[in-house]
Amino acid sequence: MLKTILRFEAKLLRADGTALLTAGVFLALIGYAGYVGIQYADEQQAVLETHAAQYAERIAGIRQEVVEMEAEMIRKGEALDTKVELGRRHPYMVGSAQGRVITLMPGPLSPFAVGQSDLQPNALRVTMGGSQALGGAASLENPFKLLVGHFDLAFVFVFLFPLLILALTFGLTASERETGLLRMVLAQPVRLTTLAAGKVMVRAVLLFACAVLGTGAVLLMTGANGGGGRWLLWLLVVFIYGGFWMALAAFVDSRVQRPVTGGLVLAVCWLAFVVVIPALINVVASTLYPVPSRMEYVTAMRTETSVAQQQGAASLAQFFDDHPELASVEADEADYAMLRVARDERIAEALAPVEARFAAQKARQQQFIRSLGYLSPAVLAQQAFLDLADTGHARYAAFTATVEALHTDWKAYFVPKYFAGLAFRPSDYDAVPAFTFSDFSTVDVLKRMAGPLTALVLISALLGMVAYRRYTRTTLIA
Amino acid sequence: MVLRIARKEATEMLRDGRFRWAVGIVFILLVGAFLAGWKHYADVETQRMAAQEADREIWLTQGEKNQHSAAHFGTYAFKPTMPLTALDQGVLPYTGVSVFMEAHSVKDAAFRPAEDATTVQRLGSLTAASTLQLLVPLLLILLAFSAFAGERDQGTLRQILSLGVPRSTLAFGKALGVASPLMLLILPATVLGVAALVLLAGPGSPMWSLGRAALLVGVYVVYFVIIIMLSLVVSARASSSRTALVALLGFWLLTSFIVPRLVTDAAEAIHPTPTSIAFRDSVRAGLTALPSWSDRVAEIETRLMDEHEVESPEAIPASVAGYALFEAERDETDVRRAHMAALGHRYEQQKTATEFGAVLSPLLAVQLLSMGVAGSDYAHHRHFADAAEEYRYDYVQVLNQDMIDQNAGWDFTVDRAMWEQIPPFDYTSPTAGWATRHYGLSLLVLVFWAAMLLFVTPIAIRQMNVA
Amino acid sequence: MLEAIDLTKTYDNTVAVDRLNLKIQPGEVYGLLGPNGAGKTTTINLFLGFTEPNTGTAKVGGLDVQVAPLETKRLLAYIPEQVMLYQNLSGLENLAYFTALAGHDHYGDTDLRGFLGQAGLQAEAHTRRVSTYSKGMRQKVGIALALAKEAKALLLDEPTSGLDPSASFEFSELLRGLSKRGVAVLMATHDLFRAKDVATRVGLMHSGHLVRELSGDELRDADLQAIYLEHMRGAVLA
């Protein structure tokens with residue numbers, strides 16, 4: 001029976017051109033979004049690779065110079081392991097002047113969602129003093145473009161995909177009810193629930209097939225380097241998010257008399273879930289938990305820098321009190337490198353509470369949004385998509401934490417070298433702390449998404465069940 | 001006659017419970033968004049004033065040091081926000097809030113608030129402007145789509161026209177009918193907004209804001225009139241009210257969500273933004289073309305030796321460092337400013353392309369005009385950044401000139417008296433006229449839409465099918 | 001074949017069908033007459049299971065409609081005033097779908113064309129889209145469906161209203177044909193002439209009550225219009 005309905009509904013969708021139109025529009029949207037995403041990701045990749053390559057080249061160059069200097073010194077019979085002045089052979093060259101450039105490479109599915117990657121600095125230079133952002137791929141992006149947003153696959157699936165679903169399903173049975181056709185159909189030995197299920201399934205298959213084909217093609221064009229698992233999860237999110245809208249459409253269809261009413265109700269639901277509630281969550285979060293303006297941060301930093309500069313000697317004395325193991329030099333023998341270390345540490349200490357306040361407030365905001373996000377399936381889907389594309393909040397937070405860890409290692413490695421003041425030998429270049437970012441695996445991403453997705457499945461199931469019960473009532477027909 | 005029709009339309013709407021709900025919700029969102037925007041504006045302004053004051057204090061108390069060290073110690077300019085940004089945040093979240101002004105560096109502002117925000121902001125932010133740009137037009141469409149098509153479906157259109165009511169009168173009445181409940185929404189909101197501006201914004205800002213507020217109201221009124229006329233045209237032409245609704249919702253969706261993205265994509269494809277690396281490399285290339293520091297010093301030494309008729313550089317009785325710094329600052333600034341200006345020009349070109357795109361979506365013109373008039377667009381940001389750059393160059397050169405005047409070397413130091421000679425950074429935001437001139441094209445496109453519809457509406461209504 | 005036992009249906013305090021007792025044998029054509037709101041359509045809805053009776057039972061082929069809704073529908077064919085079909089499909093495609101829904105998915109195109117032919121639909125119309133069909137042509141598709149699903153009972157709701165006289169006559173002929181095959185027909189109608197012409201029994205319904213039944217010779221000789229008006233007026237006075 002279901003098979004008959006499926007076959008026939010497919011025929012109906014083909015007959016009036018709906019199937020072709022929907023598939024055409026959907027595939028065109030996916031195609032354009034994929035093109036935009038791939039272009040963006042390629043540019044991003046190229047910029048980051050350039051940063052990394054330029055850094056490697058510069059470091060190799062300096063190292064080569066040092067090798068040559070040492071060769072010259074050996075020729076002259078000078079000792080190599082001696083105290084050195086600031087310059088090529090001083091550890092300051094690598095520890096502070098050059099630092100280490102690290103890049104957050106785009107994930108395998110990054111062409112699918114630009115996400116926050118156009119705002120987050122994804123190329124950083126870590127030095128003794130901290131980490132500074134280098135120009136990322138999108139750092140010169142026109143602010144108006146940032147405001148309007150990108151036409152990427154996340155946009156297509158979060159915003160437009162529900163509309164396609166609603167356009168296909170808004171009069172699921174109501175339009176046949178309105179014309180009286182439903183009476184003809186139900187005069188045959190078939191249940192309304194079977195009929196509705198068949199109609200939903202055909203539409204689901206049509207849209208899902210387009211999603212699979214379209215995104216699959218985009219994935220193949222990106223080279224699919226290890227993105228298969230994430231792609232499957234993407235499809236899972238599409239399936240669950242689409243399932244929600246189908247269930248909602250069936251729910252509304254089972255409760256309205258006329259398809260126009262159903263269409264209006266669904267349009268309002270779309271507006272509420274996709275446009276208004278996310279915007280509302282956003283404004284409530286930033287009003288309840290306002291992150292202090294960075295101006296405050298700047299002022300705090302300035303004050304501490306100024307104080308630390310004016311009290312250079314005092315800062316150093318304080319530093320030696322805290323690090324007696326390094327107090328091998330008299331304060332008046334301290335060179336620029338040592339003063340910088342002392343000053344940076346003092347500033348960092350003073351700024352720690354300010355930074356902590358920032359971080360705490362941001363975390364509160366994030367937490368608030370994570371819990372309020374359940375009010376809107378669009379928010380849940382967007383977060384899942386961004387996580388899958390590695391352009392969301394979580395991965396960047398993990399990256400930042402790893403950068404912090406590298407900074408700590410960096411200091412632990414270089415501070416003794418600065419205070420020993422011994423030459424930084426070519427072999428030392430291999431011993432500097434390395435940056436290893438253990439990227440989120442597909443399983444990690446799945447774990448993050450599990451809660452929200454389960455919630456979405458439950459809500460959809462509930463809507464579907466209520467719709468099912470309504471469809472079993474005969475009052476709909478007569 | 002017109003008023004009677006309008007009154008009937010308005011009564012019908014007001015009696016409709018769904019309509020009352022919709023207007024109520026939009027009103028609450030509008031006021032809520034405005035209040036949240038106002039709080040945000042007030043918070044940020046307070047923080048800014050405190051920060052600017054604190055930074056001045058830090059500058060003055062930086063202690064004794066060389067002039068050039070002070071020029072590197074630098075000072076900050078914090079971007080002031082205008083009261084009307086409580087209505088429309090525009091690109092504020094995506095532009096930096098502070099410029100660090102130091103020697104040899106022309107910078108755009110840093111610390112974009114969006115970097116500290118959550119990912120949800122990219123789904124859109126609720127501001128009074130976004131409510132006016134998205135939700136109110138939707139409300140108008142829902143009110144007006146059935147104006148003719150609905151009456152035709154019911155058969156009442158025949159009846160009314162058989163009574164000898166001129167079509168134009170009917171159309172005008174319907175338009176007024178749709179607009180009058182809107183007044184319920186807009187008037188209190190406007191009164192509230194103006195009252196807030198007058199009572200709460202600091203001194204001077206009402207004068208600054210009221211003209212702009214009036215402009216803003218004008219822009220939105222024109223936009224709403226466009227939407228109402230368009231709805232009437234579609235309603236007159238559509239075969240059924242259902243078709244009219246689908247067509248108008250499609251228009252709303254396309255112009256609100258799809259066209260803006262496509263147009264900005266196109267603008268960027270036509271006038272590509274350089275990558276950060278390309279930009280950095282071209283600045284570097286420009287700087288490398290300048291004489292190197294040692295060449296510059298050598299050239300100045302030769303010049304000064306001639307001038308003072310001494311034989312060795314050591315004998316020069318003037319500040320070689322001062323001259324070198326002054327001239328290097330001048331040349332480098334030229335190069336850096338040229339590149340910044342080129343980037344600004346690129347954005348400007350993209351903006352113009354986007355304005356042309358408004359032919360496809362009047363909303364784009366409204367968006368640009370709204371943030372332009374509110375003072376939250378890129379042009380205002382640029383204006384501020386340019387002012388900061390002017391200030392930076394001037395004060396750095398005052399310090400360099402002081403080195404020259406005092407015949408200072410690298411270890412020469414000055415104190416607070418010098419720091420006080422540098423005036424604090426004082427920024428005046430541009431006038432409403434400046435802002436409007438900037439969006440002449442948008443204004444033109446908006447007027448084009450209105451004119452086109454003024455022309456088309458009577459024709460559509462004259463040719464409307466009655467049955 | 002069709003049987004109503006004390007069938008009662010009320011909607012919000014208005015009685016649509018009141019203790020209706022009715023039995024229609026195979027081969028019988030029962031004309032249910034009455035003004036708008038008499039309960040004719042509700043009766044048909046009760047037989048189709050589209051609405052639930054408050055008390056009493058509607059039976060098709062001895063099966064309670066409420067207990068075995070799908071089985072009874074297998075025995076029924078339903079032709080409303082306006083036979084609604086999928087506009088974008090041809091008559092043949094529509095018939096294929098409806099017969100498949102009825103459980104007869106074994107028919108080939110030739111079989112289905114045969115049924116359409118038997119129902120009187122010209123061969124050239126079979127593959128045309130239904131949106132081009134006249135009302136009479138749609139009705140023929142409905143008859144073809146009854147033939148194809150081998151219905152034992154036919155429920156007709158105002159089938160001839162809006163048909164031109166020749167189409168109406170043609171329709172009567174088709175009904176007679178079905179009746180000869182042993183199909184029980186329940187026809188709700190306003191068309192006294194058509195009822196007298198084709199029905200073997202006639203019932204007059206008013207406010208949910210079956211107020212008068214005529215059959216056989218009584219029906220043949222009766223001035224149906226006079227009886228109808230008398231009852232309706234009487235009912236109004238009462």
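Two residues are in contact when heavy atoms of theirs lie within 4.5 Å. Keep that cut-off in mind for this predicted model.

**Where the chains meet**

By that rule, 75 residues of chain A are in contact with 75 residues of chain B. In chain A, three residues lose the most area to chain B: Leu140(A), Met295(A) and Arg302(A). Together they make up 13% of what that side buries. There are 2 pairs of chains that touch, and A and B have the most contacts among them. Chains B and C do not touch. Their nearest C-alpha atoms are 18 Å apart.

The size of an interface is often given as the accessible area lost when the parts come together.

| Feature of the A and B interface | Value |
|---|---|
| Area buried between chain A and chain B | about 6500 Å² |
| Part of that area from carbon and sulfur atoms | 65% |
| Salt bridges between chain A and chain B | 6 salt bridges |
| Residue pairs in polar contact (both at pLDDT 80 or more) | 20 residue pairs |

Which residue of chain A forms a salt bridge with Arg122(B)? The partner is Asp118(A). The closest N and O atoms of this pair are 2.8 Å apart.

Several helices of chain A give two or more residues to the side that touches chain B. Among them are H2 (18-76), H5 (153-169), H11 (294-310) and H13 (336-372). Helix H10 of chain A gives the most, with 14 residues.

Helix H10 of chain A covers residues 259-288, and Val284(A) is found in it. Is Val284(A) buried, partly exposed or exposed? Its relative accessibility is 31%, so Val284(A) counts as partly exposed.

**A buried arginine in chain C**

Now turn to chain C. Arg138(C) is found in helix H5 of that chain, residues 135-148. Arg138(C) has a relative accessible area of 8%, so this residue is buried. The cut-off for buried is under 20%.

What does Arg138(C) touch, not counting residues up to four places away in sequence? The list is Gln82(C), Val83(C), Leu85(C), Gln87(C), Val130(C) and Tyr133(C). Another arginine, Arg194(C), is 56 residues apart from Arg138(C) along the chain. The C-alpha atoms of these two are separated by 19 Å.

Note on methods: Residues numbered from 1 in each chain as written. Chains lettered and ligands numbered in written order. Predicted model: local features only at pLDDT ≥ 70, side-chain atom pairs only at ≥ 80, totals over all residues. Heavy atoms only, no water. Helix = DSSP H or I, 4+ residues; strand = E, 2+ residues; numbered from the N terminus. Buried < 20%, exposed > 50% of the residue type's maximum accessible area, 1.4 Å probe, protein only. Buried area = accessible area lost by both parts, 1.4 Å probe. Salt bridge = Lys/Arg side-chain N within 4 Å of Asp/Glu carboxyl O. Polar contact = N/O pair within 3.5 Å; in protein donor to acceptor, adjacent residues only side chain to side chain.
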